[in-house]
Amino acid sequence: MKVYPYGVGDVVTRVHEDGSGDNAVVFCHGVAARGDRWRYNIPVMAEAGYHAYSIDNPGHGFATKGPGFPYGVPGFANFIAEFISSLGHGAVHLVGTSMGGHNVATIACRHPELVKSLTLVGATGLFKLGDETRQAISGRIADTTREGINGKLKSLIHHDDKIVTDAWRDEEYHVNNSPGAADAFEALAEYFRTQLDEDSVGEELAKYADKIPILLIWGTEDLSVPLSVGKKAQEILGGPPLIEMTECAHAPYLEDPETFNEAVLDFLNKQN
């Protein structure tokens with residue numbers, strides 16, 4: 001797998017890439033994460049014949065941070081769409097988790113010509129969360145203390161003692177407290193408090209359900225975006241398949257990558 005810096009407009013991001021050809025899959029992370037969250041998935045997609053990518057969103061990972069970027073779903077969706085266009089592959093398969101699912105769903109609505117299929121993993125943004133939930137998420141986003149980061153990592157994984165190591169906690173702390181990160185997370189926290197629900201796209205995305213194949217994947221133990229959200233999203237979107245991954249929380253692609261990869265590949269291969 002290749003890892004390198006890449007320019008998208010005024011943003012420098014970090015790309016993880018494996019595979020070749022124009023049958024491309026782009027993986028999109030959520031809030032306070034980064035592209036290397038997909039490290040157990042990208043090589044498997046490449047081995048199966050896909051050209052796989054992930055990137056760090058602005059304000060995250062090793063991408064450009066600090067003020068000036070419109071942190072929120074519209075800004076991230078435009079950024080990812082510009083990255084996809086720059087690849088020259090035409091339409092791609094999109095896989096997004098959490099807010100990354102909201103971002104790719106927005107791309108499908110705004111730029112359907114760029115999207116072959118959508119895989120939404122514990123996704124937000126398909127319907128309004130309500131004020132209380134938004135406020136709670138907003139508070140967690142802004143907390144980049146060691147205790148706050150440890151809590152967020154533990155909520156990602158059902159069996160956290162197997163995956164959430166001291167080394168990962170320490171790395172997460174340093175990345176999410178690097179220069180400019182505070183500006184990004186403060187802006188995102190404010191976005192969640194005041195704007196997120198206005199950008200929900202479930203009903204609009206449902207209009208494209210007969211043109212863009214959709215797969216939903218949810219961890220049965222997800223406390224951040226519970227399975228009930230996935231079931232409601234399935235209703236709103238007209239009944240796309242919903243895969244329930246047992247013994248997994250908010251990051252089934254990390255916790256049980258073998259099952260996750262098998263499910264995604266089965267879905268993608270049906271689109272070829």
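User: Hi! Which residues of H4 are buried?
Analyst: Arg134, Ile137, Ser138 and Ile141, where buried means under 20% relative accessible area with a 1.4 Å probe, protein chains only. Helices here are DSSP runs of H or I with at least four residues, numbered from the N terminus. This is a predicted model, where local features need pLDDT of at least 70 and side-chain atom pairs count only at pLDDT 80 or more, while totals for chains, interfaces and linings use all residues. Residues are numbered from 1 along each chain, and side-chain values use heavy atoms, leaving out hydrogens and water.

User: Thanks! What covers those buried residues of H4?
Analyst: The cover includes helix H5 (146–156) and helix H8 (181–194).

User: How do the axes of H4 and H8 cross?
Analyst: They come within 8 Å and cross at roughly 175°, the axes being lines fitted to C-alpha atoms over the stretch in contact, with angles from 0 to 180 degrees between N-to-C directions. That makes H4 roughly antiparallel to H8, a label for angles over 145 degrees.

User: Nice. Which residues of H4 make the contact?
Analyst: Arg134, Gln135, Ile137, Ser138, Ile141 and Ala142; contact means heavy atoms within 4.5 Å. On H8, the partners include Phe185, Leu188 and Phe192.

User: New topic: where does asparagine 103 lie?
Analyst: Asparagine 103 is in helix H3 (residues 99–110).

User: Is asparagine 103 buried or exposed?
Analyst: Buried, with a relative accessible area of 1%.

User: And what is asparagine 103 in contact with?
Analyst: Leaving aside neighbours within four places in sequence, asparagine 103 touches Asn57, Val73, Phe76, Ala77 and Ile80.

Notes:
Buried means under 20% relative accessible area, exposed over 50%, partly exposed in between (1.4 Å probe, protein chains only). Helices (H or I, at least four residues) and strands (E, at least two) are DSSP runs, numbered from the N terminus. Angles under 35 degrees count as roughly parallel, over 145 as roughly antiparallel, 65 to 115 as roughly perpendicular and the rest as oblique.
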